[in-house]
Amino acid sequence: MKTGKCPKCESTNIYTDGNPKRGDRSSLQVTSWKKFFIDIYICFDCGFTEEYITQENLQNEKLMSRVKEQWKKLP
Ligand SMILES: [Zn+2]
């Protein structure tokens with residue numbers, strides 16, 4: 001989806017919510033006191049939706065290591 005093409009129907013009619021983030025769907029509570037902000041991509045032809053945590057969150061090593069302490073990595 002980030003490439004601008006829907007993996008389900010191959011449409012290029014993809015939209016993202018942009019910034020600033022607001023509303024329940026724009027963040028994900030990951031621990032009792034931390035949340036990730038979410039970039040949402042939606043195909044406006046078939047409705048397929050993809051969500052990614054923001055690059056800002058991904059590059060925040062302190063935040064990521066805190067979350068890794070509480071989440072389980074798949075084997
Ligand atoms: Zn689609």
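The exercises below work through a predicted model of one protein, each with a stepwise solution.

Residues are numbered from 1 along each chain as its sequence is written. Because the model is predicted, local features need pLDDT of at least 70 and side-chain atom pairs count only at pLDDT 80 or more, whereas totals for chains, interfaces and linings use all residues.

**Exercise 1. Describe the order of the elements and decide how the protein compares with a compact globule.**

Step 1: there are 2 helices and 4 strands, and from the N terminus on they run β-β-β-β-α-α.
Step 2: the radius of gyration, taken over C-alpha atoms, is 14 Å, well over the 11 Å that the globule rule gives for 75 residues, so the protein is more spread out than a compact globule; that rule is 2.2 Å times the number of residues to the power 0.38.
Step 3: the C-alpha trace spans about 40 × 35 × 20 Å along its principal axes, and buried residues make up 8% of the 75 residues.

**Exercise 2. Trace the strand pairings that involve E3.**

Step 1: apply the criterion that two strands pair if DSSP finds at least two bridges between them.
Step 2: E1 and E3 run antiparallel and are joined by 3 bridges, with Tyr15 having Ile42 in E3 as its bridge partner.
Step 3: E2 and E3 are also antiparallel, over 4 bridges; a hairpin through 2 residues joins these strands, and Thr31 is bridged to Lys34 in E3.
Step 4: strand E3 (residues 34–43) is joined by 5 bridges to the antiparallel strand E4 (residues 49–53). In this pairing Ile38 stands opposite Ile53, and Tyr41 has Glu50 as its bridge partner.
Step 5: the hairpin of E3 and E4 has 5 residues between the strands, and Gly47 in the turn has a positive phi of about 90 degrees.

**Exercise 3. Determine whether Asn57, Ser65 and Glu10 are buried or exposed.**

Step 1: count the other C-beta atoms, placed from the backbone, within 10 Å of a residue's own: 20 or more make it buried, 12 or fewer exposed, and values in between partly exposed.
Step 2: Asn57, in helix H1 (residues 55–58), is buried because 20 other C-beta atoms lie within 10 Å.
Step 3: two residues are in contact if their C-beta atoms, placed from the backbone, lie within 7 Å. Leaving aside neighbours within four places in sequence, Asn57 is in contact with Phe36, Phe37 and Leu63; Asn57 and Phe36 are 21 residues apart in sequence, yet 6.4 Å apart in space, C-alpha to C-alpha.
Step 4: Ser65, in helix H2 (residues 61–70), is exposed because 9 other C-beta atoms lie within 10 Å.
Step 5: Glu10, in the segment before E1, counts as exposed because it has 10 C-beta neighbours inside 10 Å. Its phi is near 65 degrees, a positive value in a residue other than glycine.
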